[in-house]
Every structure is written in C-alpha cells, then in structure tokens.
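User: I am learning to read protein structures. Please take me through this one, feature by feature.

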Amino acid sequence: MNDYDLLVVGSANADLVIGVERRPGPGETVLGSDLAVHPGGKGGNQAVAAARLGARTALLARVGDDAHGRLLLDAQRAAGVDTVGVLVGGAPTGVALITVDPSGDNSIVVSPGANGRLTPDDIRAAVSLFHASRVVSAQLEIPLETVVEVVRSLPPDSRFVLNPSPPRPLPTEVLAACDPLIVNEHEAKVLLGDARVSEEPEDWARLLLAKGPRSVVVTLGAAGALVASSDGVARVPSVKVEAVDTTGAGDAFTAALAWRLGAGEPLAEAAAYAARVGAVAVTRAGAQESYPTAAEVAAL
C-alpha cells in the first residue's frame, strides 16, 4: 500500500494579489485594492487542493528561510499536507504578482526565487517519496531539468501527471511519461506551435496526443474540458457557476484529476469530478483558500 495518494513536485509561492478595475496597458498606472498576501504556487496549490479533498498528499518543493516561506509551510500543514519533502533555504521564497479584474480573470507574473533552486539532486535525494506515492504531479514553475529527473525517478507502478505551465517545449522523455498531459487553451497553442492547423480543441487534443503522451486533457474554462487517449476524444461538460476569481482553479482541477485517477477512475470520470472541483473554486476569492472539501463538491 502506498503512503501517499499524490506526491506534488513543484513550486510554492507567496501570492501578492491586487484587485483592479482593469489591467494597465504599457506605460499606464492604475489604482487597485489593498494588497493581500496568500500562500500559492502551482505546486503548493495542487497539494492543498488534493489534501482538502481527502487525498493523502506530500509536497516536494523549496522555499526561502523567510516570512513567506513560513506562511507557505503553515498553510500546507494546516491543509493536512506532509511537508517532509519541503526544503528550506538557498534563495528567497518565490513570489507571484497577481492582478484580478471584476470578472474574476487574472494576470500573473512570477519571480521563481527558491523554486529555481529545486535541483535534480534534490529529486534524487527524495527517491523514497516517489516509491511511497501512487501518483506524481508536476508543473513547470521549477527548472525543466528537475522535471526530467522527476520522470526518471518514477517507480514502475506510479502515474505521472503534468501541467506544463508556464508552457515551453518538452523533451520526448517527459511527454512519453505524461498520463495525462493537462493543458489549457494557451498552453496547447504554445506546445503545438506551427502544428496547430485548426481552431478546434478536439484537433489540438489529437495533435498533442500524437506527440507522445499516454493521454491528454484540454481544459476549456466555462466550456468544460476534453479528454483524449487511445480510446478517442470525449467532451467533459462544465458546471455553470458565477465566477468570482479564477486564480488557482486550474491547479485545483489538476489535483482533483490526479487524485481520482490514482483511485482508479477512468479519465473522463476523473475529469468530470475535477471540473466540479474547479467550479467550486472559482466561486470564491483567492487560490488555496478557495479550494473545496469533498463534501462541498458533492453538494454542488
């Protein structure tokens, strides 16, 4: 039996959030709300989202020896995440600067800080965590060579889930391990580049699948999601809600999907559950504080 349902390897950031009436253009200054500081980062978000749903979750990440790092560690532990794999020091904690407009849409700039110091050596030193985990999830807010080492450290009976954000070209070795590769519209377009000869998300999913992943999920916001595998391409419906803040909703989707796949659910069913988790998250402000429990998802 595995000790963990999900091991998340990735970033942990302090989210510095300002509400704005509209995002500024080049050279423009706009006034915003009071600054709010929240625990975030794609890795940290996924770990908290999974733990809140009831998954036995561990986080492998690096934070600074500073106030933001302590904030992040406290948030992980409060959610029930095992932080035995969180390394401290080497650089200041990563920071994400986030603006949120009245529609709930956000723009984000990330200063990686300590996330950029999570190295392949750190992954090799944590090999026992990989062997104790049913599913391993990663993102690209840590160095790509570190993600490559994550793939090389996977035990034969584990499953690897990747959200390539921020998107960049991926080595064949990483693509071949993805089951699934989870992308939104922007990430799909970057990964496909000139190969994107269609505006149909179904075609994006097929083209991405042809690049080597074992399965692909394309998230489409309010339009739901697509799942693609050797069995074909299928639509997953959305849940209609009033969006307040979309920050971190994709991380909640990824975490829920990874957890349900590890529990043995088929890809389409796991994606449908993940869509409900993401729908609850967007009805609340913030990232980690917006993530629901399993009971709240069931009540949607």
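This is a predicted model: local features need pLDDT of at least 70, side-chain atom pairs count only at pLDDT 80 or more; totals for chains, interfaces and linings use all residues.

User: How much space lies in the largest cavity, and which residues line it?

Analyst: The largest cavity holds about 40 Å³ of space. Its lining consists of Asp15, Val17, His38, Ile98, Val100, Asp245, Thr247, Gly286 and Ala287. Next, look for the elements behind that list. Strand 2 (13-19) and strand 6 (94-100) each give at least two residues to this lining.

User: Gly286 is in that lining. Where does Gly286 lie in the chain?

Analyst: Gly286 sits in the loop between helix 10 and helix 11 (294-298).

User: Is Gly286 buried or exposed?

Analyst: Compare its relative accessibility with the cut-off. Buried means under 20%. Gly286 has 9%, so it counts as buried.

User: Which residues does Gly286 touch?

Analyst: Leave out residues up to four places away in sequence. Gly286 then touches Asp245 and Thr247. Both of those also line the largest cavity. Take Gly286 and Val236: they are 50 residues apart in sequence, and their C-alpha atoms are 25 Å apart in space.

User: What about the second largest cavity? How much space lies in it?

Analyst: About 30 Å³. Ala12, Pro39, Gly40, Gly44, Leu72, Ala75, Gln76 and Gln288 form its lining. Strand 3 (36-40) and helix 2 are the elements that give two or more of these residues. Helix 2 provides the largest share, three residues. By type, the lining has four nonpolar, four polar and no charged residues.

User: Now a pocket. What is the volume of the second largest pocket?

Analyst: The second largest pocket has a volume of about 150 Å³. Its lining includes Arg159, Asp179, Ser215, Asp231 and Leu267. Strand 12, strand 13 (232-236) and helix 10 each contribute at least two lining residues.

User: How many of its lining residues are nonpolar, polar and charged?

Analyst: Six are nonpolar, three polar and three charged.

User: Let's turn to the nonpolar core. How many residues are in the largest one?

Analyst: The largest nonpolar core has 44 residues. Check which members have the most contacts inside it: Val217, Phe253 and Leu257. Then check the elements. Those giving two or more residues include strand 1 (4-9), helix 1 (42-53), helix 9 (249-262) and helix 10 (267-282). Another core lies apart from this one, with 40 residues, among them Ile123, Ile142, Leu162 and Val218.

User: Which residues is Phe253 in contact with?

Analyst: Again, set aside neighbours within four places in sequence. Phe253 is in contact with Ile182, Val217, Thr219, Ala225, Ala271, Ala274 and Ala275.

User: Step back to the whole chain. How many helices and strands are there?

Analyst: The chain has eleven helices and 13 strands. Its radius of gyration is 18 Å, close to the 19 Å that the globule rule gives for 300 residues, so the chain is as compact as a globular protein of that length. The C-alpha trace spans about 50 × 45 × 40 Å along its principal axes.

User: What percentage of the residues is buried?

Analyst: Buried residues make up 55% of the 300. Last, read the contacts by sequence separation. Take those with a separation of 6 or more: residues 24 or more positions apart account for 65% of them.

Definitions and conventions
Residues are numbered from 1 along each chain as its sequence is written. Side-chain values use heavy atoms; hydrogens and water are left out. A nonpolar core is a set of buried Ala, Val, Leu, Ile, Met, Phe, Trp, Tyr and Cys residues joined through side-chain atoms within 4.5 Å. Buried means under 20% relative accessible area, exposed over 50%, partly exposed in between (1.4 Å probe, protein chains only). Helices (H or I, at least four residues) and strands (E, at least two) are DSSP runs, numbered from the N terminus. Contact means heavy atoms within 4.5 Å. On a 1 Å grid over the protein atoms alone, a cavity is a set of points where a 1.4 Å probe fits but cannot get out, and a pocket is an open set with protein on both sides within 12 Å along at least five of seven lines; lining residues have an atom within 4 Å of a point. Grid points are joined across faces, edges and corners, and a volume is the space filled by probe spheres set on the points. Ala, Val, Leu, Ile, Met, Phe, Trp, Tyr, Cys and Pro count as nonpolar, Asp, Glu, Lys and Arg as charged, and the others, Gly among them, as polar. The radius of gyration is taken over C-alpha atoms; the globule rule is 2.2 Å times the number of residues to the power 0.38.
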